[in-house]
Amino acid sequence: MPTPESPLFLARKPKVPPTFDGVNYDNNDELKAAQDAVLREQWVKSMMARLVREEMGKCYVREGVNHLEKCGRLRDRYLELLKESKVRGYLFEQQNYIPKV
């Protein structure tokens with residue numbers, strides 16, 4: 001059951017997608033909102049990988065010698081999330097942005 005979001009949380013929640021598509025670089029508020037959205041998306045991916053890793057550790061302890069068979073789904077999911085879970089920041093995406101035609 002989802003918990004209701006507080007008005008303060010909703011006020012700080014980014015209202016732009018986590019890309020630099022259509023961002024006016026001369027408008028500082030718009031640029032900072034895009035940067036914030038990109039960083040938040042990277043942190044969400046990092047935290048998802050952390051949660052899967054913790055569940056995988058619990059599964060390894062719980063299953064014991066059968067962990068290779070029982071925890072394979074979590075291991076595969078963790079390896080997929082590990083590829084994109086590093087928080088890299090926004091500068092590379094911002095400086096090397098190629099506008100879509």
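**View 1. Ser46 and its contacts beyond the local sequence.** Setting aside neighbours within four places in sequence, Ser46 touches Ser85 and Val87. This is a predicted model, so please read each view with that in mind. Ser46 sits in helix 2, which spans residues 28-63. Is Ser46 buried or exposed? Its relative accessible area is 16%, under the 20% cut-off, and therefore Ser46 counts as buried.

**View 2. Helix 2 crossing helix 4.** Here we look at how two helices lie against each other. The axes of helix 2 and helix 4 (residues 72-82) come within 9 Å and cross at roughly 155°. Because angles over 145 degrees count as roughly antiparallel, helix 2 and helix 4 are described that way. The handedness of their crossing is left-handed.

**View 3. The residues where helix 2 meets helix 4.** From helix 2 come Met48, Ala49, Val52, Arg53, Glu55, Met56, Cys59 and Tyr60, and they meet Leu74, Arg75, Arg77, Tyr78 and Leu81 of helix 4. Sorted by class, this contact holds nine nonpolar and four charged residues, with no polar ones.

**View 4. The buried side of helix 4.** Which residues of helix 4 are buried? They are Gly72, Leu74, Tyr78 and Leu81. The buried residues of helix 4 pack against helix 2 and also against helix 3 (67-70). As a handy reminder, an α-helix has 3.6 residues a turn, so residues three or four places apart point the same way.

**View 5. Arg77 up close.** Arg77 belongs to helix 4. With a relative accessibility of 41%, which lies between the 20% and 50% cut-offs, Arg77 is therefore partly exposed. Apart from neighbours within four places in sequence, Arg77 is in contact with Met48 and Val52. The C-alpha atoms of Arg77 and Ala49 are 8.6 Å apart, although 28 residues separate the two along the chain.

**View 6. The disulfide of Cys59 and Cys71.** The model has one disulfide. Cys59 and Cys71 form it, with their sulfur atoms 1.9 Å apart. The link of Cys59 and Cys71 has an angle of -90° about the S-S bond and is left-handed. This pair connects distant parts of the chain, 12 residues apart: Cys59 lies in helix 2, and Cys71 in the loop between helix 3 and helix 4. Both Cys59 and Cys71 are buried.

How values were computed. Residues are numbered from 1 along each chain as its sequence is written. This is a predicted model: local features need pLDDT of at least 70, side-chain atom pairs count only at pLDDT 80 or more; totals for chains, interfaces and linings use all residues. Side-chain values use heavy atoms; hydrogens and water are left out. Helices (H or I, at least four residues) and strands (E, at least two) are DSSP runs, numbered from the N terminus. Buried means under 20% relative accessible area, exposed over 50%, partly exposed in between (1.4 Å probe, protein chains only). Contact means heavy atoms within 4.5 Å. Axes are lines fitted to C-alpha atoms, for helices over the stretch in contact, and angles run from 0 to 180 degrees between N-to-C directions. Angles under 35 degrees count as roughly parallel, over 145 as roughly antiparallel, 65 to 115 as roughly perpendicular and the rest as oblique. A crossing is left-handed if the near helix is turned anticlockwise from the far one by less than a right angle, and right-handed if clockwise. Ala, Val, Leu, Ile, Met, Phe, Trp, Tyr, Cys and Pro count as nonpolar, Asp, Glu, Lys and Arg as charged, and the others, Gly among them, as polar. A disulfide is a pair of cysteine sulfur atoms within 2.5 Å.
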